[in-house]
Amino acid sequence: MNPEGLFNEKTSSIYRWTSLVNQLIDLKHQQQGTFASVDHISERLSAAAQTIRSIVDAGIEAAMIAGTIADPTIQPWISTVAKNAIQKLSTEMYSLIKSVDDSTPEAQLYFNGWNTLRQMFQEYVEEHVMSRQREYGLLHLWSLSPQVPSFALEEWQLAVQSLARGETRGAVRAAQTLIETIAKHVLDLRKVEYNPRKDQAPQLYGHLLKELTSLGHAPELAEAVRNIAKGLGTMVDGISRLRNRQGDAHGRELDAERPPNSVARAAVLGAGAFTELVWQAHLAKGGEVPSMNERDVRDVEAILESESSPTCLGIGRGRQAAESWVVLGFSPDAVKEWLNTDCGSPVVAKLLSDAGFTPTDAALRSREYDMRTIAELIYLGIYSVDDARYVRDQLRHQ
């Protein structure tokens with residue numbers, strides 16, 4: 001992905017919001033008769049500072065999503081982003097005082113303010129980019145190969161993004177569902193029977209490892225590689241159970257029971273390693289790569305592009321995101337229904353569908369968690385599938 005393209009998409013909404021805020025500030029001071037006063041300039045500078053901070057953060061997030069935060073050239077790019085934002089806002093704001101004498105307090109505040117912003121945000125860029133590079137550089141240097149299915153690439157990116165934002169619970173959820181979904185996908189392709197509603201992670205791993213007896217390696221390595229795959233799956237499954245170590249998910253706060261960053265990072269790295277190991281073994285043993293209906297891919301891509309809800313979690317855009325839905329067996333009409341759950345993750349939709357949930361079930365809202373949908377709460381790592389079943393049954397009887 002291109003970080004500049006992602007950045008431009010994010011900043012357009014930031015500038016629109018800034019324009020609205022500035023209009024409200026100007027209107028207030030016009031009504032008070034203090035237009036272009038020291039207080040007015042001060043408020044505009046404060047709004048500009050927040051805007052530039054948001055734009056820098058958007059640049060960092062775009063670099064992370066694009067997988068380039070570890071690139072040493074990314075800091076100069078984000079510094080340029082900040083400078084351009086400062087210049088753009090400075091030019092717009094200068095019209096407020098262009099007719100005022102340069103020696104006035106208002107003009108001095110304007111010039112001093114922009115000089116301070118330039119210095120402050122250069123330090124902000126350096127501090128934030130370097131800390132992100134130190135903390136998450138390993139995840140971006142170590143990435144999944146493009147051979148793995150598109151849904152696995154999408155879910156891996158979601159896991160990394162969650163970890164980068166400090167949403168460790170969501171990162172663990174994404175890691176767990178990545179492992180379960182790739183396991184089911186390979187079993188489906190190899191026509192191995194299993195019960196999608198009853199088989200838990202250990203049973204899935206058992207089916208998978210029995211099927212891939214040699215894992216595509218020399219016989220003397222087969223046992224060792226099988227043990228590695230089993231250990232990775234067990235590790236992530238164990239980590240995912242941490243959220244329930246004090247009982248059910250019901251009644252807990254949204255920010256409660258967050259796994260430590262080190263634990264979440266282990267889950268994400270483990271899930272990525274498991275996915276690579278199992279998928280490459282499947283291919284090495286002559287496994288098929290699923291074909292896709294090209295028309296369905298184009299239709300789903302158009303549906304995703306037209307989805308404008310800002311509350312739709314995990315929604316992807318472009319061909320890769322569309323392929324993820326189609327590979328997992330969703331028709332364009334089904335994709336429309338699942339997007340109504342306020343969750344755009346095909347892996348979450350697959351997880352719930354396999355567990356017997358309809359899109360209508362997944363769209364049920366929990367009063368305990370700010371009226372979020374079941375699908376959202378699965379995506380965020382608040383609910384397990386068992387939690388979701390309990391809530392669904394309770395809501396159905398109300």
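This is a predicted model: local features need pLDDT of at least 70, side-chain atom pairs count only at pLDDT 80 or more; totals for chains, interfaces and linings use all residues.
Local features are reported only where pLDDT is at least 70 and side-chain atom pairs only at pLDDT 80 or more, while totals for chains, interfaces and linings use all residues. Residues are numbered from 1 along each chain as its sequence is written, and side-chain values use heavy atoms, leaving out hydrogens and water.

Let us begin with the whole chain. Of its 398 residues, 51% count as buried, where buried means under 20% relative accessible area, exposed over 50% and partly exposed in between, using a 1.4 Å probe and protein chains only. A contact means heavy atoms within 4.5 Å. Among contacts between residues at least 6 apart in sequence, 70% join residues at least 24 apart.

Now look at helix H6 (residues 168-189) beside helix H9 (residues 261-284). Their axes lie 8 Å apart and pack at an angle of about 15°; axes are lines fitted to C-alpha atoms, for helices over the stretch in contact, and angles run from 0 to 180 degrees between N-to-C directions. That angle makes H6 roughly parallel to H9, because angles under 35 degrees count as roughly parallel, over 145 as roughly antiparallel, 65 to 115 as roughly perpendicular and the rest as oblique. The crossing of H6 and H9 is left-handed, meaning that the near helix is turned anticlockwise from the far one by less than a right angle, whereas clockwise would be right-handed. H6 contributes residues including Ala171, Leu178 and Ile182, and H9 contributes residues including Ala264, Phe274 and Trp279. The residues of this contact divide into 15 nonpolar, five polar and no charged; Ala, Val, Leu, Ile, Met, Phe, Trp, Tyr, Cys and Pro count as nonpolar, Asp, Glu, Lys and Arg as charged, and the others, Gly among them, as polar.

Next comes the pair formed by helix H10 (residues 294-306) and helix H11 (residues 318-327). Their axes are 8 Å apart, at an angle of about 115°, and the crossing is right-handed. Among the residues in contact are Glu294, Asp296 and Glu301 of H10, together with Arg319, Glu323 and Trp325 of H11. Here the residues divide into seven nonpolar, one polar and six charged.

Trp325 leads us on to the aromatic rings. Rings of Phe, Tyr and Trp (its six-membered ring) pair if their centres lie within 6.5 Å, with planes under 30 degrees apart counted as stacked, over 60 as edge-to-face and the rest as tilted. The count comes to five aromatic pairs. One of them joins Trp325 and Phe330 edge-to-face, at 5.2 Å centre to centre and 75° between the planes. Phe330 also pairs with Trp338, with centres 6.3 Å apart and planes at 75°, so this pair is edge-to-face. Trp325 is buried at 1% relative accessible area, Phe330 at 7% and Trp338 at 5%. Elsewhere, Tyr110, Phe111 and Trp114 form one aromatic cluster.

Most residues other than glycine have a negative phi. Lys191, in the loop between H6 and helix H7 (201-211), has a positive phi of about 55°. Asp342, in the loop between helix H12 (332-339) and helix H13 (346-354), has a positive phi of about 65°. Lys191 counts as exposed, at 68% relative accessibility, whereas Asp342 is buried, with a relative accessible area of 13%.

Key. Helices (H or I, at least four residues) and strands (E, at least two) are DSSP runs, numbered from the N terminus.
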